[in-house]
Amino acid sequence: CKREVRKGGNPAVVFDADDTTLWTYDMEDNAMHFNFDPVLQDTQWVQPMRFPAVPGMVDLVNAVGAAGCTVVGLTGRRAPQRAATLGNLDLVGYDYFTDAHYFTKWASGATPDPTIFGGTPCENNGGCSTIQYKSAVRRYVESQGYDIIANFGDQFSDLIGGYADRAVKLPNPTYYLP
């Protein structure tokens, strides 16, 4: 980050939420017994901001931000979970996630933002895969003048689709998302 800033660049690093920055294992195991329940996830975990940080990630994200990179959050969580997710990240010690650079999926039934998703399969009421959604957001971030030098995620669907110099896959033996 420091090198890119010294060269006059505008570097950014993208981080996924669940099991990249926020650890969901206690919810998956103890609360859901590995049978995902979106209502339980939202009401008992997301809104009360109960997720701990993934070990080591607070230090990494804060070092990236302190070194001059813009920290970008990109999650499959829905827009109604945005404030609680940002609050949870702040609560566990992340200093560089901001509302301006944090992207969540639109609310169910809402129309995706055409400035981000226009011309993609996502633009017509969300009919797109995680790969299409996340790569469209990364494309948008780069269109705003940033160079995404790294993209961190625990699922391959967080990473493939382009618009990042490097993709870093964190291990997640708990679940797989296509």
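## Terms and model

Ala, Val, Leu, Ile, Met, Phe, Trp, Tyr, Cys and Pro count here as nonpolar, Asp, Glu, Lys and Arg as charged, and the others, Gly among them, as polar. The model is predicted, so local features need pLDDT of at least 70 and side-chain atom pairs count only at pLDDT 80 or more, while totals for chains, interfaces and linings use all residues. Residues are numbered from 1 along each chain as its sequence is written, and side-chain values use heavy atoms, with hydrogens and water left out.

Helices (H or I, at least four residues) and strands (E, at least two) are DSSP runs, numbered from the N terminus.

## The largest pocket

A pocket is an open set of points on a 1 Å grid over the protein atoms alone, where a 1.4 Å probe fits, with protein on both sides within 12 Å along at least five of seven lines; its lining residues have an atom within 4 Å of a point. Grid points are joined across faces, edges and corners, and a volume is the space filled by probe spheres set on the points.

The largest pocket has a volume of about 550 Å³. It is lined by 22 residues, of which Asp-18, Phe-36, Gly-76, Arg-77 and Leu-177 are the closest to its centre. Two or more lining residues come from each of α2 (25–31), α3 (38–46), β2 (70–78) and α7 (130–143). β2 gives the most, with four residues. By class, the lining of the largest pocket has five nonpolar, eight polar and nine charged residues.

## The second largest pocket

The volume of the second largest pocket is about 170 Å³. Its lining consists of Cys-1, Arg-3, Glu-4, Val-13, Val-64, Asp-147, Ile-149, Ala-150, Phe-152, Asp-165 and Arg-166. The elements α1 (2–6) and β4 (147–153) each give two or more residues to this lining, and the largest share, four residues, comes from β4. Six of the lining residues are nonpolar, none is polar and five are charged.

Residues are called buried under 20% relative accessible area, exposed over 50%, and partly exposed in between (1.4 Å probe, protein chains only). In helix α4 (residues 57–66), the buried residues are Met-57, Val-58, Val-61, Asn-62, Val-64 and Gly-65. Seen down the helix axis, they fall within an arc of 155°, so they line one face of α4; the arc is that of the directions from the helix axis to the C-beta atoms. The face turned away from this buried side carries the exposed residues Asp-59 and Ala-66. The buried residues of α4 pack against β1 (11–15) and β2, where contact means heavy atoms within 4.5 Å. After α4 comes Gly-68, with a positive phi near 110°.

In α3, Leu-40, Gln-41, Trp-45 and Val-46 are buried. These residues cover an arc of only 145° around the axis, which puts them on the same side of α3. Their cover includes α2, β2 and α5.

## Nonpolar cores

A nonpolar core is a set of buried Ala, Val, Leu, Ile, Met, Phe, Trp, Tyr and Cys residues joined through side-chain atoms within 4.5 Å. The largest such core has 27 residues, and Val-13, Phe-15, Tyr-94 and Phe-97 touch the most other members. Two or more residues come from each of β1, α3, α4, α5 (82–91) and β4. α4 gives the most to this core, with four residues.

Leaving aside neighbours within four places in sequence, the contacts of Phe-15 include Met-57, Leu-60, Val-61 and Val-64, as well as Phe-97 and Phe-152. Apart from this core lies another, of 17 residues, among them Val-72, Cys-128, Ala-136 and Ile-148.

Phe-34 lies in the loop between α2 and α3. Its phi is near 65°, a positive value in a residue other than glycine. Phe-34 is partly exposed, with a relative accessible area of 42%. Met-49, in the loop between α3 and α4, also is a residue other than glycine with a positive phi, near 55°. Met-49 is partly exposed, with a relative accessible area of 31%.

Pro-171 is found in the segment after β5 (167–169). Its relative accessible area is 69%, and Pro-171 is exposed. Pro-171 and Leu-74 are 97 residues apart in sequence and 18 Å apart in space, C-alpha to C-alpha.
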